[in-house]
Amino acid sequence: MKKQVLEFLELNYPEDKVIQMIDEEIASGDWLDEDWNDEHETEYDWYMDFGRGEAEDAVRTIIINELIEKLGF
């Protein structure tokens with residue numbers, strides 16, 4: 001089972017894709033304060049300073065849910 005999980009993750013979620021997913025989640029604005037642009041040029045910059053891992057958790061949840069769906073856990 002561990003081998004199946006690793007193969008699934010390596011095939012469907014290479015590092016570049018996961019980074020892109022996190023960046024897109026941050027850019028969605030769901031994790032930012034309304035005044036983020038008062039002191040930061042980009043959403044990403046603000047999130048790097050003040051984010052608490054919410055975007056990463058959202059991406060992790062997406063991956064886990066797909067893993068459960070595809071492998072039947």
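The axes of helix 1 (residues 2-12) and helix 4 (residues 54-71) cross at roughly 125° and come within 11 Å. This is a predicted model in which local features need pLDDT of at least 70, side-chain atom pairs count only at pLDDT 80 or more, and totals for chains, interfaces and linings use all residues. Residues are numbered from 1 along each chain as its sequence is written, and side-chain values use heavy atoms, with hydrogens and water left out.

Me: Is helix 1 parallel or oblique to helix 4?

Reply: Axes are lines fitted to C-alpha atoms, for helices over the stretch in contact, and angles run from 0 to 180 degrees between N-to-C directions. Angles under 35 degrees count as roughly parallel, over 145 as roughly antiparallel, 65 to 115 as roughly perpendicular and the rest as oblique. The crossing angle is roughly 125°, so helix 1 is oblique to helix 4.

Me: Which residues of helix 1 and helix 4 make the contact?

Reply: Contact means heavy atoms within 4.5 Å. Helix 4 contributes Ile63, Glu66, Leu67, Lys70 and Leu71. From helix 1 come Gln4, Val5, Phe8 and Leu9.

Me: How far apart are the axes of helix 2 and helix 4?

Reply: Helix 2 and helix 4 pack at an angle of about 125°, which makes helix 2 oblique to helix 4. The contact is made by Val18, Met21, Ile22, Glu25 and Ile26 of helix 2 with Ala55, Glu56, Ala58, Val59, Ile62 and Ile63 of helix 4. The axes are 9 Å apart.

Me: Is histidine 40 buried or exposed?

Reply: Histidine 40 lies in the loop between helix 2 (15-27) and helix 3 (43-50); helices (H or I, at least four residues) are DSSP runs, numbered from the N terminus. Buried means under 20% relative accessible area, exposed over 50%, partly exposed in between (1.4 Å probe, protein chains only). Because its relative accessibility is 12%, histidine 40 counts as buried.

Me: Which side chain makes a polar contact with the side chain of histidine 40?

Reply: A polar contact is a pair of N or O atoms within 3.5 Å; within protein, one must be able to donate a hydrogen and the other to accept it, and residues adjacent in sequence count only if both atoms are side-chain atoms. The pair here is at 2.7 Å, and the partner of histidine 40 is aspartate 49.

Me: Which residues does glutamate 54 contact, leaving aside neighbours within four places in sequence?

Reply: Glutamate 54 is in helix 4 and counts as buried at 17% relative accessibility. With those neighbours set aside, glutamate 54 is in contact with Trp31 and Tyr47.

How values were computed:
Helix = DSSP H or I, 4+ residues; strand = E, 2+ residues; numbered from the N terminus.
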